[in-house]
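Here's a quick briefing on the chain you're about to look at. Have the viewer open and follow along by topic.

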Amino acid sequence: MDKQISPVMIRLLAASVNIAKHAGNIIKRIHASGTLDIVAKTSWSDLQTAADIGAQRCIVSSLKANFPKLKIIAEEDLTDEHSDDVELTLCDEVLSKLNEFEHQFDSIKEEDIVVWVDPLDGTKEFTEAFLDHTTVLIGISVKGRPMAGVIHQPWYNFQSETGAIPRTVWALDGCNSGIHGLFKEPSRTDKQTDKHIVTTTRSHSNNHINSMLEVIKADEILRVGGSGNKILYVLDGTAVAYVFPSAGTKKWDTCAGDAIIRAAGGKLTDMFGKDLIYDDCRENEQSGYPSNVKQSSVVSRTCSTKCKTSFNSEIIINL
């Protein structure tokens, strides 16, 4: 199928893959310069750097150049989104899979789509040299449903002897194409066997999260940075679930990963087991979520905890 007449969803995904890679190169270039220009937004655990700004300007400008009717909601609140450093090419790998995509995408118009952008997920870890925790997230939702996602990891395998390489994981839910770009490092997956390993936040923990982790009784808890990074842990088998039953996450943190997890046959929900809705309201926070890509059995546990009020919350995790 010709690039010009392929469905807008397919062209948008093909553009987003290349744009995410380009943004990752901008992040690496700024890191190599040593001039990060770190500022605190709401606190010193909520940071912004020159890399966040440069990557977001590239992503937004690139998307607008190709898709002028698109609604884009990005993390950084910038007065100037313009960048001359844009990526206008489409990913040939995505376009080569056109025959595997369903015709359900043909009727989707630009006006139906909201793109959620986290230009540098894991900024705190980026400033502390936990570079493999950082990702570029581009999530594509249609009428509130996550449909496609791109997670680009500029420094995959950063701490291994062989050295870091970039990887770009992408998927389109509702088709037979599967998950792309998810190559594995054997030393990280061989140890998993039958252990129930969960991953959770490294820098945003609280009593509520810790109480839930005690209830789950995991064999091992991996505390790492970045929503995108933790979702990759689940996707590549390093962990069986990502648990963060607390407010604070935004839609740009989860949309890309949500779509990819759905395409893998899994689910990402809020702490009450409900699907996350990606309407076009910027301010809504997600109410905490577990995610898992295995669906062999469902384990439900109830825990009582205190937040602003006392309540019972049933967390459904597929183990």
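**Overall picture**

Among contacts in the chain between residues at least 6 apart in sequence, 67% link residues at least 24 apart. Keep in mind that this is a predicted model. The chain has eight helices and 14 strands, and 55% of its 319 residues count as buried. Its accessible surface comes to about 13800 Å², with 47% of that belonging to carbon and sulfur atoms.

**The nonpolar cores**

- The largest nonpolar core has 51 residues, and those with the most contacts inside it are Met9, Leu63, Val94, Phe101, Ile113, Val115 and Leu172.
- Helices α1 (8-33), α2 (50-66) and α3 (92-95) are among the elements that give two or more residues to this core, and so are strands including β3 (71-74), β4 (113-121) and β7 (165-172).
- The largest share of this core comes from α1, which puts in 14 residues.
- Another core, of 21 residues, lies apart from the largest one, and its members include Ile73, Val114, Cys255 and Tyr278.
- As a bit of background, nonpolar side chains tend to be buried together in soluble globular proteins.

**The five-stranded sheet**

- Five strands make up an open sheet, ordered β3-β4-β5-β6-β7, with mixed pairing.
- The edges are β3 and β7: each has a single partner strand, so one side of each is left without a neighbour in the sheet.
- From one strand to the next, the twist averages 15 degrees.
- β3 and β4 run parallel and are joined by four bridges. Two places to look are Ile72, whose bridge partner in β4 is Val115, and Lys71, which stands opposite Val114 in β4.
- β4 and β5, on the other hand, pair in the antiparallel sense over seven bridges. Here Ile113 stands opposite Val142 in β5.
- β4 is mostly covered, with nine of its nine residues buried.
- In a regular strand, side chains alternate between the two faces of the sheet.

**Helices worth a look**

- α7 (residues 227-235) lies across β4, β5, β6 and β7, and runs at about 95 degrees to β6.
- α8 (residues 251-263) lies across β3, β4, β5, β6 and β7, at about 105 degrees to β6.
- What span should the 26 residues of α1 have at 1.5 Å a residue? They should span 38 Å, and the end C-alpha atoms of α1 are 37 Å apart, which agrees.

- Asp37 has a positive phi near 50 degrees. Asp37 sits in the loop between α1 and β1 (39-43) and counts as exposed at 53% relative accessibility.
- Ala129 isn't a glycine either, yet its phi is positive at about 70 degrees. Ala129 is found in the loop between α4 (123-127) and β5, where Ala129 is partly exposed, with a relative accessible area of 45%.

Key. Residues are numbered from 1 along each chain as its sequence is written. This is a predicted model: local features need pLDDT of at least 70, side-chain atom pairs count only at pLDDT 80 or more; totals for chains, interfaces and linings use all residues. Side-chain values use heavy atoms; hydrogens and water are left out. A nonpolar core is a set of buried Ala, Val, Leu, Ile, Met, Phe, Trp, Tyr and Cys residues joined through side-chain atoms within 4.5 Å. Buried means under 20% relative accessible area, exposed over 50%, partly exposed in between (1.4 Å probe, protein chains only). Two strands pair if DSSP finds at least two bridges between them. Axes are lines fitted to C-alpha atoms, for helices over the stretch in contact, and angles run from 0 to 180 degrees between N-to-C directions. Contact means heavy atoms within 4.5 Å. Accessible areas come from the Shrake-Rupley method with a 1.4 Å probe; for residues, only the protein chains shown count as cover. The expected span of a helix is 1.5 Å times one less than its number of residues.
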